[in-house]
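Welcome, and thanks for taking a look at this model. Have the coordinates open beside you while you read, and we will go through them together.

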There are 2 protein chains.
Amino acid sequence: MPRNEPVTDVSAVVLDVNETISDTRPMAAAFERVGAPAHLATLWFGCVLRDGFALTAAGSPGDFEELARGGLRVQLEPLLPSDDLDRSVDELMATFAGLGPHPDVAPGLRALAERGLVLVTLGNGPASTARTLLERANSDDVHETLSVDDAGAWKPAPQAYAYALSRLGTVPSSTVMVAVHPWDLDGAARAGLRTAWLNRDGRPWPAYLRAPDLEVDRLDALAPLLQVSGSSAPSGA
Amino acid sequence: MPRNEPVTDVSAVVLDVNETISDTRPMAAAFERVGAPAHLATLWFGCVLRDGFALTAAGSPGDFEELARGGLRVQLEPLLPSDDLDRSVDELMATFAGLGPHPDVAPGLRALAERGLVLVTLGNGPASTARTLLERANSDDVHETLSVDDAGAWKPAPQAYAYALSRLGTVPSSTVMVAVHPWDLDGAARAGLRTAWLNRDGRPWPAYLRAPDLEVDRLDALAPLLQVSGSSAPSGA
């Protein structure tokens, strides 16, 4: 895995949202509360991504919340009495909307902003999800919350990263993508960005995807590994 | 769901391979045999598709077997002693390669071929998987076993269906895609094909995908729902 030599000449950081900023672990207990096995939480989220990527590959990107809600029905309908289905789907969507940020997010964003880096989020869901999470983290360090809804394709299609770069006004090689999901970093690397894997759980990297430039187990460990553009120049320039 | 009014003017049928022809249920017990929970079989296969679609969306389609093997390592490494990992991955790949066809496949193919329809398979894996399954089904009714490896993109990207049509020499509207996977039928419908959902388990259709033209619970229930091109014309024409 990465040697974690500092990435140089960085001017901006793009952060993924779901699971990267939000702590989705409460979803397992929420599935149990409606009478479904806890492990369905992981399967459900994986199927939302699978079908979202399928629609992007087919040239017709979907709406994240529509996929999330429709995916819950597919998972739960075979398991629950039909009278409970609508209420259970609503309850799980409410839990998802109410998720909080990981505790390393606020200090991690602060450390990156203090280095002079411009920070944006880029999620496959709506921009409001990121705004709510950043409010809960009590963080005002993010410059803009972006959604692929304005890019015409979900990550990891190249258009999604190109859209973030156009909003930032940066070149790919001075922009670092941060995510917990290997497929996101693979797509960002193919679009020319530098990549940092936030691997909180010590998971193995999938050998078939492009390895990240950096690996950290907490967001607040990232800032020291990024050398900011022009930071080696004499001060006062 | 579909009214199951017969689809008219059909000349060819394209069949998906994994789970549509092969019975993947033995994978659950195989995961248990190596010391992992049975439900990981479904999660693993979903993640293979998720990452395969991600790579296609990113413009760089992957190799199915490489993704399947690498995905097993990602699922199993956190659970198994490291000495057991390679052997367990090999064992699960061998189980996957040794899967047999569903019992409705051979009679279903026979009935379609007897109507004069040209049959091909189109899988996201190698063509050899389909050939092995058809040998095990003792069926010689399939004209050609196609793989997306020759299409430059995994299903459900439009190039994959266009490749099958080019091999068949048929127009989309006279060609029926048959699959258990809703994302495959959605992609085929967007490419202009007619679609038949093989829904053996009575699962709900995801509301966010294009509904299929037909739904059957066994492959051998499909032939009576297809009106073959020219079949209403006087014989001897």
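The radius of gyration used here is taken over C-alpha atoms, and the rule for a globule is 2.2 Å times the number of residues to the power 0.38. With 237 residues, a compact globule would come out near 18 Å by that rule, and chain A, at 18 Å, agrees with it. Please keep in mind that this is a predicted model.

**Chain A overall**

Along the principal axes, the C-alpha atoms of chain A fill a box of roughly 70 × 35 × 30 Å. Eight helices and eight strands are found in the chain. Buried residues account for 50% of its 237 residues. Of the contacts between residues at least 6 apart in sequence, 63% join residues at least 24 apart.

**The sheet**

Six strands of chain A make an open sheet with parallel pairing, in the order β4-β3-β2-β5-β6-β7. Strands β4 (144-147) and β7 (214-216) of chain A are at the edges with a single partner strand each, so one side of each has no neighbour in the sheet. From one strand to the next, the twist averages 25°.

At the β7 end, β6 (residues 194-198) and β7 of chain A pair in the parallel sense over three bridges. Here Leu198(A) stands opposite Val216(A) of β7(A). Helix α6 (residues 127-136) of chain A packs on the sheet, where it touches β3 (118-123) and β4 of chain A. The direction of α6(A) makes about 150° with that of β4(A).

**A covered helix**

How many of the nine residues of helix α8 (residues 182-190) of chain A are buried? The count is eight, so this helix is mostly covered.

After α8(A) comes Gly192(A), with a positive phi near 95°.

**Two copies**

Chain B superposes on chain A by a rotation of 180° with 0.0 Å of shift along the axis, at an RMSD of 0.0 Å. The two copies are therefore related as by a two-fold rotation axis. Within chain B, Arg50(B) comes closest to that axis, its C-alpha lying at 2.0 Å. Because 100% of the interface residues of chain B are also interface residues in chain A, the copies meet through the same surface.

Technical notes: Residues numbered from 1 in each chain as written. Chains lettered and ligands numbered in written order. Predicted model: local features only at pLDDT ≥ 70, side-chain atom pairs only at ≥ 80, totals over all residues. Pairing = 2+ DSSP bridges. Helix = DSSP H or I, 4+ residues; strand = E, 2+ residues; numbered from the N terminus. Axes fitted to C-alpha atoms, helices over the stretch in contact; angles between N-to-C directions. Contact = placed C-beta atoms within 7 Å. Buried ≥ 20, exposed ≤ 12 C-beta atoms within 10 Å, placed from the backbone. Least-squares fit on C-alpha atoms with pLDDT ≥ 70 in both.
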